[in-house]
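Visitor: Could you give me a close look at a single helix here, and at what sits around it?

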Amino acid sequence: MRVGLRGQVRKVWAPRGVAVSQAVQIGWKYLYVAVAIDPMTGRLWWAWQKNMKGEEMARVGKVWAEDPNIDGWVWDGAGGHRGEDMQAVDAPQVVQPPYAPELNPVERFFRELRRALEGRVYPDLQAKQEALEPILRAWQTGPERVKKLCGWGWIRTALEALPTAAETP
């Protein structure tokens with residue numbers, strides 16, 4: 001998910017007849033947060049990246065590939081996900097069809113992060129990153145919330161049907 005100084009106007013509640021105004025930040029600095037979610041357990045991992053290029057994605061991918069709790073990942077077909085650097089990471093990868101964010105549970109999670117983060121003006125990119133850290137930690141300590149949001153029935157059924165390591169030749 002791209003986190004930057006280009007703010008977004010968010011819907012807010014207000015009494016009927018009251019005009020709502022929001023400050024909008026316009027800047028062109030960005031940082032990225034990579035998030036991995038286990039829809040079966042509700043576990044959550046994240047890492048900060050400076051860009052979405054293959055080399056940077058592979059840096060995070062290598063760390064996650066060494067984690068015994070991450071068996072592989074599913075993601076969209078962005079260039080950084082398909083590049084040589086990411087293909088060199090030794091982990092199962094499933095690339096989704098283009099323009100199908102509704103198939104990726106983490107996109108739903110990103111919507112919740114944006115809802116909590118956007119609609120405010122931050123003095124700099126570091127302040128926005130620091131505002132997102134406690135939000136991520138709160139989600140990390142509530143695996144039931146993550147499972148409820150991202151553990152769709154069809155995903156859980158598909159994951160349960162996969163062969164275990166002992167069953168594969």
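Guide: Helices (H or I, at least four residues) and strands (E, at least two) are DSSP runs, numbered from the N terminus. This is a predicted model, where local features need pLDDT of at least 70 and side-chain atom pairs count only at pLDDT 80 or more, while totals for chains, interfaces and linings use all residues. Residues are numbered from 1 along each chain as its sequence is written, and side-chain values use heavy atoms, with hydrogens and water left out.

Now, helix 6 spans residues 143-150, and its buried residues are V146, L149 and C150. They sit on the same side of helix 6 because they cover an arc of only 75 degrees around the axis, taken from the directions from the helix axis to the C-beta atoms. Turned away from that buried side is a face with the exposed residues E144 and K148.

So what does the covering? Among the elements over the buried residues of helix 6 are strand 2 (30-37), helix 4 (105-117), helix 5 (125-140) and helix 7 (153-161), with contact meaning heavy atoms within 4.5 Å.

Let's follow strand 2, which is itself mostly covered, with 7 of its 8 residues buried. It pairs antiparallel with strand 1 (residues 2-4) over 3 bridges, where pairing takes at least two DSSP bridges between the strands. Y30 in strand 2 is the bridge partner of G4. Strand 2 also runs antiparallel to strand 3 (residues 44-49), joined by 6 bridges, and there A36 has W45 as its bridge partner. The hairpin of strand 2 and strand 3 has 6 residues between the strands, and G42 takes a positive phi near 85 degrees.

Terms used. Buried < 20%, exposed > 50% of the residue type's maximum accessible area, 1.4 Å probe, protein only.
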